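Biologist: Please show me the model, and then let us go through it one question at a time.

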Amino acid sequence: MVVKYVCGEHIDDIMDDLINEYETFPIMEECEDKQCEYCNNKSKYLVKITDD
Ligand SMILES: [Zn+2]
């Protein structure tokens with residue numbers, strides 16, 4: 001399973017990247033205590049891709 005954390009500004013970027021890489025639609029949930037994958041801001045979402 002792949003899990004990424006992103007802030008509100010980068011949610012579109014991570015969705016595009018994951019869809020391109022895994023060719024499936026990620027699951028998005030709120031998650032506010034991690035660091036964004038793309039910048040130093042606190043995350044607003046986690047985005048995950050499950051194997052099954
Ligand atoms: Zn960010």
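Biologist: Is His10 buried or exposed in this model?
Modeller: The model is a predicted one. A residue is called buried when its relative accessible area is under 20%. His10 has 16% relative accessibility, so His10 counts as buried.

Biologist: Which protein residues are the donors of the zinc ion?
Modeller: The donor atoms lie 2.0 to 2.3 Å from the zinc ion. One of them is ND1 of a histidine, His10.

Biologist: What arrangement do the 4 donor atoms make around the zinc ion?
Modeller: Four donors count as tetrahedral if all angles lie between 85 and 135 degrees. Around the zinc ion the angles are 102 to 116°, so the arrangement is tetrahedral.

Biologist: Is Cys36 buried or exposed?
Modeller: The cut-off for buried is under 20% relative accessible area. Cys36 is at 5% relative accessibility, so Cys36 counts as buried.

Biologist: Which residue has its backbone oxygen 2.7 Å from a polar atom of the side chain of Ser43?
Modeller: Ser43 sits in the loop between β2 and β3, and it is buried because its relative accessible area is 4%. Residues that Ser43 touches include Tyr5, Cys7, Cys31 and Cys36. The backbone oxygen that lies 2.7 Å from a polar atom of the Ser43 side chain belongs to Cys31.

Biologist: In what order do the elements of the protein chain run from the N terminus on?
Modeller: The protein chain has 1 helix and 3 strands. From the N terminus on, their order is β-α-β-β.

Biologist: What radius of gyration does the protein chain have, beside that of a compact globule?
Modeller: The C-alpha trace spans about 30 × 15 × 10 Å along its principal axes. A compact globule with 52 residues would have a radius of gyration near 10 Å, and the protein chain agrees because its own value is 10 Å.

Biologist: What share of the 52 residues in the protein chain is buried?
Modeller: The accessible surface of the protein chain comes to about 3,700 Å², and 40% of that belongs to carbon and sulfur atoms. Of the 52 residues, the buried share is 35%.

How values were computed. Residues are numbered from 1 along each chain as its sequence is written. This is a predicted model: local features need pLDDT of at least 70, side-chain atom pairs count only at pLDDT 80 or more; totals for chains, interfaces and linings use all residues. Side-chain values use heavy atoms; hydrogens and water are left out. Donors are N, O and S atoms within 2.8 Å of the metal (3.2 Å for Na, K and Ca); water is not among the atoms, so sites may look incomplete. Four donors count as tetrahedral if all angles lie between 85 and 135 degrees; four count as square planar and six as octahedral if opposite donors are over 155 degrees apart and all others between 65 and 115; anything else is irregular. Buried means under 20% relative accessible area, exposed over 50%, partly exposed in between (1.4 Å probe, protein chains only). Helices (H or I, at least four residues) and strands (E, at least two) are DSSP runs, numbered from the N terminus. The radius of gyration is taken over C-alpha atoms; the globule rule is 2.2 Å times the number of residues to the power 0.38. Accessible areas come from the Shrake-Rupley method with a 1.4 Å probe; for residues, only the protein chains shown count as cover. A polar contact is a pair of N or O atoms within 3.5 Å; within protein, one must be able to donate a hydrogen and the other to accept it, and residues adjacent in sequence count only if both atoms are side-chain atoms. Contact means heavy atoms within 4.5 Å. Lists of a residue's contacts leave out its neighbours within four places in sequence.
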